[in-house]
Amino acid sequence: MFLPELGKKQLLHWGLDTSKVLELLPESARIEDGELSLGGLRASDLADRHGTPLLVYCERTIRAQVRAYREAAPGALVVYGTKAFANVALLRLLADEGVGADVSTHGELAFARAAGIPGERIVFHGNNKSDEEMRAAADAGSLVVLDSPGEAETAAAAGVRRVLVRLTPGVEAVTHRSIQTAHEESKFGLAPDAAEVEIERARELGLDVEGVHVHVGSQLGRSDESVVALERVLGFLERLHWKPRVLDLGGGLAVRHNRDEEVPSVAEFVRPLAERVPDDVQLILEPGRSLVGRAGVTLYRIGSVKESGGVTYAAIDGGMSDNPRPQLYGARYEALLANRAEELPSGVYRIAGKHCESGDVLIEAAQLPEPRPGDLLAVPATGAYTLALGSTYNGVPRPAVVLVAEGRARLIRARETVDDLLRFER
Ligand code: LLP
């Protein structure tokens with residue numbers, strides 16, 4: 001059915017302008033013979049071979065994103081925000097491009113170690129690190145970010161040598177409340193006075209305080225608020241008459257999930273920051289979403305299609321268990337029918353998941369050709385914080401993940417099975 005305010009002309013315009021859809025898709029995405037292909041492989045072949053739901057990552061997009069960071073900040077150490085999607089193959093691919101890992105738990109550290117990332121390229125975070133995590137961080141030789149008063153003691157006791165202190169600069173970023181991190185009430189980091197005390201304490205304990213860390217938030221659509229945060233950090237350092245060796249400015253750059261969202265490029269976001277960091281200070285950047293978000297496309301099979309109170313539902317074989325971002329952050333995704341990618345939209349459809357609650361809606365109003373059972377729905381920009389936040393709600397095993405490039409697909413995470421779910425039962 002049509003949304004009343006959405007004229008046929010606009011639908012035609014959107015439908016015909018495939019270049020606009022391609023903007024949300026990975027670099028290797030093509031629409032040929034009416035079908036979406038990724039990494040040189042037809043979406044329908046990928047789905048037939050690996051099943052659905054299937055998360056498909058484009059290698060070329062990930063490499064291009066890393067290179068964009070390199071160009072924007074040539075001397076910076078880039079560490080991947082592993083929380084965006086902890087996966088050994090992706091971490092290895094990133095390591096191949098010289099990228100390290102930002103980890104915040106023992107588990108994420110294990111992924112980074114399994115990918116062979118050396119300790120000097122691992123930054124260990126966490127607002128409540130356990131003693132075990134502190135010891136693991138020390139054993140790995142990683143750089144540990146002190147986040148709360150007294151943590152210097154735990155770090156020193158665990159044998160940590162190199163630390164940063166996380167500063168909370170009091171900047172309220174324009175993003176979802178749950179993913180702001182630098183505002184005054186943040187659970188992360190230390191306000192300037194407390195940070196000063198912690199730096200002193202760490203030095204007294206013989207720790208090498210290499211510098212300061214700040215992370216403004218996530219899904220940031222502008223750079224000015226990060227610039228303000230950096231200026232506050234620089235002011236703080238000036239007051240201490242301290243020239244640190246390292247400045248870690250965190251991650252945060254947004255990804256477009258739909259065509260209405262505007263986001264800065266890597267260069268637009270990073271350059272104003274990099275140019276304010278003195279040349280002899282090692283800059284660290286911790287992008288998560290902007291490295292892998294656009295690289296990921298989720299393929300779902302459409303099952304039931306039904307009309308209910310004037311809304312036409314198309315139900316997919318996944319939902320909030322593989323991507324809970326609509327429920328958690330009100331995230332708005334778009335979609336296309338991968339197997340009928342050149343057909344014009346015929347109306348607006350609500351994409352429901354298969355879970356047992358009405359809120360399990362992936363997309364409220366997707367403009368599509370009339371969906372039919374068996375069609376393949378492709379949802380762009382689902383490479384970050386989707387499966388990472390996923391669950392096995394309703395006993396739904398997690399989907400498989402493949403990495404595609406130049407006509408080849410590699411399984412990088414096996415599809416979970418119901419037996420996997422039963423493994424923990426006693
Ligand atoms: N560094 C630190 C200290 C962080 O806390 C985060 C993300 C990052 C780097 C990477 O940020 P990114 O470049 O990915 O924005 N689940 C939420 C996002 C949570 C972000 C948590 N911290 C979502 O789905 O939007």
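Let me start with V404, whose bridge partner in strand 20 is A409. Strand 19 (residues 400–405) and strand 20 (residues 408–413) run antiparallel and are joined by five bridges, where two strands pair if DSSP finds at least two bridges between them, and where strands are DSSP runs of E with at least two residues and helices are runs of H or I with at least four, numbered from the N terminus. Two residues lie between the strands of this hairpin, and E406 takes a positive phi near 45° there.

A word on the source: this is a predicted model, in which local features need pLDDT of at least 70 and side-chain atom pairs count only at pLDDT 80 or more, while totals for chains, interfaces and linings use all residues. Residues are numbered from 1 along each chain as its sequence is written, and side-chain values use heavy atoms, with hydrogens and water left out.

Turning to the barrel, eight strands close it in the order 5-6-7-8-9-10-11-12, with parallel pairing, and the twist averages 25° from one strand to the next. Within it, strand 5 (residues 77–81) pairs with strand 6 (residues 100–103) over three bridges in the parallel sense, and G81 has D102 of strand 6 as its bridge partner.

Finally, helix 8 (residues 151–158) packs with helix 9 (residues 192–204) at an angle of about 25°, their axes being 9 Å apart, with axes fitted to C-alpha atoms, for helices over the stretch in contact, and angles running from 0 to 180 degrees between N-to-C directions. E151, A152 and E153 in helix 8 meet E198, R201 and A202 in helix 9, contact meaning heavy atoms within 4.5 Å.
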